[in-house]
Amino acid sequence: MKPAATAHPHNPWLAHSVRITRTAPATPGVFTCDLTFDDAAVRKEYSYRPGQFNMLYLPGLGEIAISISGDPDLRDVVSHTIREAGNVTNALAQLPTDSSIGMRGPFGSHWPVEDCVGRDVVLVAGGIGLAPLRPVVCHLLTHRDAFKDVTLIVGSREPSGLLYSAEYEDWRAGGIDVQVTVDRADSLWHGKIGMVTNVLDRIPLRDAKHTILMTCGPEVMMWYTVQMALGRGLSAESLYVSLERNMNCAIGLCGHCQFGPEFLCKDGPIFCYDQVASILKIDDL
Amino acid sequence: MTSDSDSLLKLIAETRFAEDMSIGQLECLSRVSRLCMLSPGTILFREGDIEDNVFVISTGHIRLSMNVPGRGGVPFLTTGPGELVGWSGLLGDGRMTATATVTEETTLIAMSGQKLRDLCSSEQDLGYVLLKRVAQVLSQRLLSTRLQLLDLFAECRT
Amino acid sequence: MSLPVLFIARSELDQLIRTLADDGYQVVGPTIDQEAIVYGDIASAEDLPVGWTDIQEPGKYRLERRNDEACFGYVVGPHSWKKYLFPPVTLVASADRTKTGWQMSTPEAEPPRYAFLGVRACELAAMKIQDKVFLGGPFVDPTYQRRRSAAFIIAVNCTQAAATCFCTSMNTGPRCNAGFDLALTEIADGFLMEIGSEAGQALAARLTTAPATSEQLDRGTSARQQAVDQITKQMDTTGIRDLLMNNLRHPQWEDVANRCLSCTNCTMVCPTCFCSSVNEVPDLTGDHIDRERSWDSCFNIDFSYMNGSPTRNSIQSRYRQWMTHKLATWQDQFGSSGCVGCGRCITWCPVGIDLTQEVAAIRSSPSISPATEQVAGKSLEETES
């Protein structure tokens with residue numbers, strides 16, 4: 001018999017050991033968890049593009065796919081904003097600093113930040129959809145002069161759900177027009193009330209045809225955002241959405257995340273609108 | 001006087017509301033309109049009151065709310081430049097279905113609902129364009145309302 | 001390889017099996033268990049379903065005695081070779097709690113080296129398709145890779161066809177052309193043997209063989225022709241990808257949904273279906289966790305979900321997913337159809353759904369355009385009068 005072979009070096013099932021450096025509440029039911037690799041060599045090697053996700057692993061409970069929400073240029077710590085929604089996320093929310101978990105990644109397609117150079121950029125985020133767009137915001141701020149007008153429209157159910165609200169002033173100071181709107185509020189709220197599409201309807205567009213728009217949030221919100229953008233003269237190949245389904249393997253082999261012909265874990269989650277336009281409105285696809 | 005009415009005409013022409021209207025139609029509108037400048041906190045109209053005016057926002061920001069006993073004034077929408085408020089004056093019985101509160105320095109084009117209705121009967125071309133525009137505004141408002149109703153961000157709550 | 005075709009006597013089959021076993025292969029092949037021909041361990045030719053054949057129809061499978069002692073006188077049963085290459089349950093990773101935290105690892109043990117005895121042409125095609133899935137993408141599955149590269153393949157050319165076979169429509173058979181180490185065609189007193197690889201040639205050299213006579217070759221040809229002649233089922237695959245993707249709202253989906261039980265049989269027996277789930281299996285201490293991958297099925301209601309609720313909440317949407325994936329979107333993903341025409345899904349469907357007929361139904365009726373949804377069969381004028 002041949003001797004046992006060592007594990008394949010690039011075995012896509014192998015999770016790395018990581019440690020929680022910080023867990024902090026973000027908004028009701030949402031927390032941010034910062035992780036760092038135990039192995040210094042892995043930490044040095046690891047990098048990701050805005051929009052990609054990791055599989056966070058709690059042995060005994062399972063894995064979940066979470067978009068990376070940090071600054072891609074700061075690589076020692078990998079940041080994830082997570083909604084408490086099930087066994088794994090609820091347990092992760094309770095783990096103290098320095099707890100050990102596993103991580104595989106990064107996986108998936110990314111936001112086309114390289115295509116934004118020299119163009120006006122509009123970001124439309126709804127609810128926790130701002131988390132996968134935050135790396136784009138960081139990138140745009142770091143390289144601000146490379147882009148023209150940058151607008152970020154943030155929507156939430158109510159004021160308490162606005163993610164990263166403490167950073168908005170810094171983002172404005174960095175040259176991003178941050179416009180905030182909520183679905184519902186009490187009379188103490190003096191800002192905008194209404195869907196993100198209302199705000200998108202009113203922002204000035206110098207050159208709609210060459211404006212690039214990226215949106216992330218509930219699928220219905222993204223759909224109407226895209227329709228509004230098309231109505232305002234943006235072109236379908238400049239619109240990007242982030243789709244979501246449950247993921248199990250993250251490597252395109254288990255079939256769970258399929259949406260039409262696309263495996264959301266490897267063909268997505270970020271798609272150009274014109275690639276998915278024909279399947280987005282087929283019910284129960 | 002002339003320069004006032006010229007500037008009113010210009011302001012109307014600049015709004016998205018007046019897109020696709022001819023000069024003649026804009027002049028008709030300006031004859032039944034006047035400009036209002038309002039400061040934050042001003043209540044433009046109250047829910048339930050009869051209000052003849054129909055307002056197009058030139059600049060500024062207005063919050064719409066409805067009063068629910070026990071919850072007080074519940075704001076449900078804010079609108080801005082180019083938007084219409086008080087459309088009941090044109091289409092309905094003039095009884096307002098919301099309270100409108102100014103939240104920033106706001107310039108409004110106020111049009112007399114009665115005179116607009118008369119215009120629509122006598123100048124049917126203008127009437128068609130006006131009502132088409134109102135229908136577009138309202139359909140967009142309806143879609144927004146539906147999206148708010150779907151409570152799409154509800155999963156954000158534990 | 002254009003090596004001459006050999007002939008081995010029927011009795012030599014045992015020698016073939018023994019030689020492979022002595023070389024460390026686990027020989028697996030067709031054998032009877034619970035009144036079906038399934039794949040299991042083969043120690044000698046006696047373990048094969050000698051003198052048996054299968055009668056297959058939509059929703060029906062029976063074994064019957066033949067009037068001869070043929071070793072391979074049947075087609076395919078509920079098992080496929082994915083049972084060995086993509087095992088129903090397999091370990092993909094582990095986690096151990098150590099003083100410094102969780103340490104993850106992947107399995108190091110070598111898998112068994114299989115010799116597959118009796119692989120049909122449709123199954124060779126299915127393996128080629130699964131090779132594309134598991135080995136051809138940006139991530140390679142290590143389990144499949146190790147087992148596949150170690151496998152020795154003895155193909156068998158079909159000499160008959162079942163009523164549910166339609167490999168000719170999918171261009172996958174019944175002739176085995178490539179992808180094997182050896183290929184056998186059963187004739188009265190033995191087997192024609194074609195060499196398909198160097199490994200096959202090396203093994204053949206250790207058996208008692210003789211060059212096939214032209215009379216033997218002719219008998220082989222007519223035996224294989226019998227398989228072609230017996231195929232009655234057809235599927236018209238012209239433009240099938242667009243046909244299905246342009247008819248996602250066709251009323252036929254509701255029709256089939258009224259019959260489909262969403263039982264997952266079709267996905268279990270299909271030789272190309274690859275859906276799976278990984279689950280945590282802790283030991284009693286909770287300090288050692290195995291990550292086990294098991295077969296899953298898109299027919300399971302919670303296979304696809306969002307925010308905790310199923311996204312395909314109806315049998316209609318799940319059947320549509322399975323069929324459009326198998327016949328249409330598989331082409332976008334992997335460059336070929338996902339179907340090899342083996343007919344298993346038709347035989348093993350408890351209600352006898354036949355996907356070739358579902359395709360034909362969609363093809364034959366006018367497509368329903370979403371923009372002008374008409375009352376089925378009537379124009380607007382007729383309904384108004």
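Reply: Domain bounds here come from an automatic or database domain assignment. The model is predicted, so that local features need pLDDT of at least 70 and side-chain atom pairs count only at pLDDT 80 or more, while totals for chains, interfaces and linings use all residues. Residues are numbered from 1 along each chain as its sequence is written, and chains are lettered from A and ligands numbered from 1 in the order in which they are written.

In chain A the assignment gives domain 1 (16-107) and domain 2 (113-242). Over C-alpha atoms, the centres of domain 1 and domain 2 of chain A are 25 Å apart. Contact (C-beta atoms, placed from the backbone, within 7 Å) joins 15 residues of domain 1 of chain A to 15 residues of domain 2 of chain A. On the domain 1 side, β1 (16-27) and β5 (78-83) of chain A are the elements that give two or more residues; helices (H or I, at least four residues) and strands (E, at least two) are DSSP runs, numbered from the N terminus. That side of domain 1 of chain A has six nonpolar, six polar and three charged residues, where Ala, Val, Leu, Ile, Met, Phe, Trp, Tyr, Cys and Pro count as nonpolar, Asp, Glu, Lys and Arg as charged, and the others, Gly among them, as polar.

Chain C comprises domain 1 (6-230) and domain 2 (240-368). Their centres, over C-alpha atoms, are separated by 25 Å. The contact draws 37 residues from domain 1 of chain C and 33 residues from domain 2 of chain C. On the domain 1 side, β5 (60-65), β6 (89-98), α3 (121-135) and α5 (167-170) of chain C each supply at least two residues, and β6 of chain C gives the most, with nine residues. By class, this side of domain 1 of chain C holds 22 nonpolar, nine polar and six charged residues.

Definitions and conventions:
Two residues are in contact if their C-beta atoms, placed from the backbone, lie within 7 Å.
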